[in-house]
Structure formats: C-alpha cells, structure tokens
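Let's take a friendly walk through a protein model together. Have a look at the chain below, and then we will explore its pockets and helices.

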Amino acid sequence: MRPAGEINQALLKALSEAGRGLTLRELAAAAKVGLDAATQTIKNMNRRGRVCVADTRRVPGRNRPVAVYALPVQQEAANDAVMGLAAAMRVWG
C-alpha cells in the first residue's frame, strides 16, 4: 500500500486537532489545502475507512445539511469475536 500523501496527512492532522467533527470546507481551511483536493481526498479516505461521516449539520447558504467528518472510533471487535468463538468451542466439547 502506498504511504499517505501530503493532503491526506494534513487533513488527518487538522481533524485530530479539531477535537470535533468538521465540514469539508472547515476541514480544507483548517488543513490549508484547496477545496478540490480536499474533496477528492476525503472521498478516498471515507471509502478506505480513515474518516467517517459522523453527523450532518445545516450551514448558511446551503439548502441541504452537509456532512460532518470525524475520525472513526477504534473498537476491539476482532478480539471479541475470537473470544466468543473460543467460548463456543469450549461449550461444544
């Protein structure tokens, strides 16, 4: 896998420093990158699971709510599944 590019790193840094979810325009301004570059990079990051749409927010000048991006919450789901399987195998025999 290729390493993360400069725009990707700048967006992740801005999102982690914000402490809350940001809209695409707020994120591009905080990361000091262009809106077009931020749009394409956020789409790719969302598809790969590096960011997620946490909520929507109404902003002035838009008829529809806009997406609010945040870092995904890390969970120990894989470990829980393995422990559940081990418990089921013990019960079975």
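## Pockets and packing

The lining of the largest pocket is made up of four nonpolar, four polar and three charged residues. Here Ala, Val, Leu, Ile, Met, Phe, Trp, Tyr, Cys and Pro count as nonpolar, Asp, Glu, Lys and Arg as charged, and the others, Gly among them, as polar. This is a predicted model, in which local features need pLDDT of at least 70 and side-chain atom pairs count only at pLDDT 80 or more, while totals for chains, interfaces and linings use all residues. Residues are numbered from 1 along each chain as its sequence is written, and side-chain values use heavy atoms, with hydrogens and water left out.

The largest pocket holds about 320 Å³ of space. Among its eleven lining residues, R2, P3, A4, N8 and R48 are the closest to its centre. Helix α3 (residues 35-48) gives the largest share of this lining, with four residues. A pocket is an open set of points on a 1 Å grid over the protein atoms alone, where a 1.4 Å probe fits, with protein on both sides within 12 Å along at least five of seven lines; lining residues have an atom within 4 Å of a point.

In the second largest pocket, strand β2 (66-70) gives the most to the lining, with three residues. Among the lining residues are T23, L24, R25, V66, A67 and Y69.

| Pocket | Volume | Lining by class |
|---|---|---|
| Largest pocket | About 320 Å³ | Four nonpolar, four polar, three charged |
| Second largest pocket | About 240 Å³ | Seven nonpolar, one polar, two charged |

Now for the helices. How do α1 and α2 cross? The axes of helix α1 (residues 6-18) and helix α2 (residues 24-31) come within 8 Å and cross at roughly 105°. The two helices are therefore roughly perpendicular to each other, a label for angles of 65 to 115 degrees. In α1, residues A10, L11, A14 and L15 meet L27, A30 and A31 of α2. Seven nonpolar residues form this contact of α1 with α2, with no polar and no charged ones. Contact means heavy atoms within 4.5 Å.

Finally, step back to the whole chain. The protein chain has four helices and two strands, and from the N terminus on its elements run α-α-α-β-β-α. Of its 93 residues, 23% count as buried, meaning under 20% relative accessible area with a 1.4 Å probe and protein chains only.

Key
Axes are lines fitted to C-alpha atoms, for helices over the stretch in contact, and angles run from 0 to 180 degrees between N-to-C directions. Angles under 35 degrees count as roughly parallel, over 145 as roughly antiparallel, 65 to 115 as roughly perpendicular and the rest as oblique. Grid points are joined across faces, edges and corners, and a volume is the space filled by probe spheres set on the points. Buried means under 20% relative accessible area, exposed over 50%, partly exposed in between (1.4 Å probe, protein chains only).
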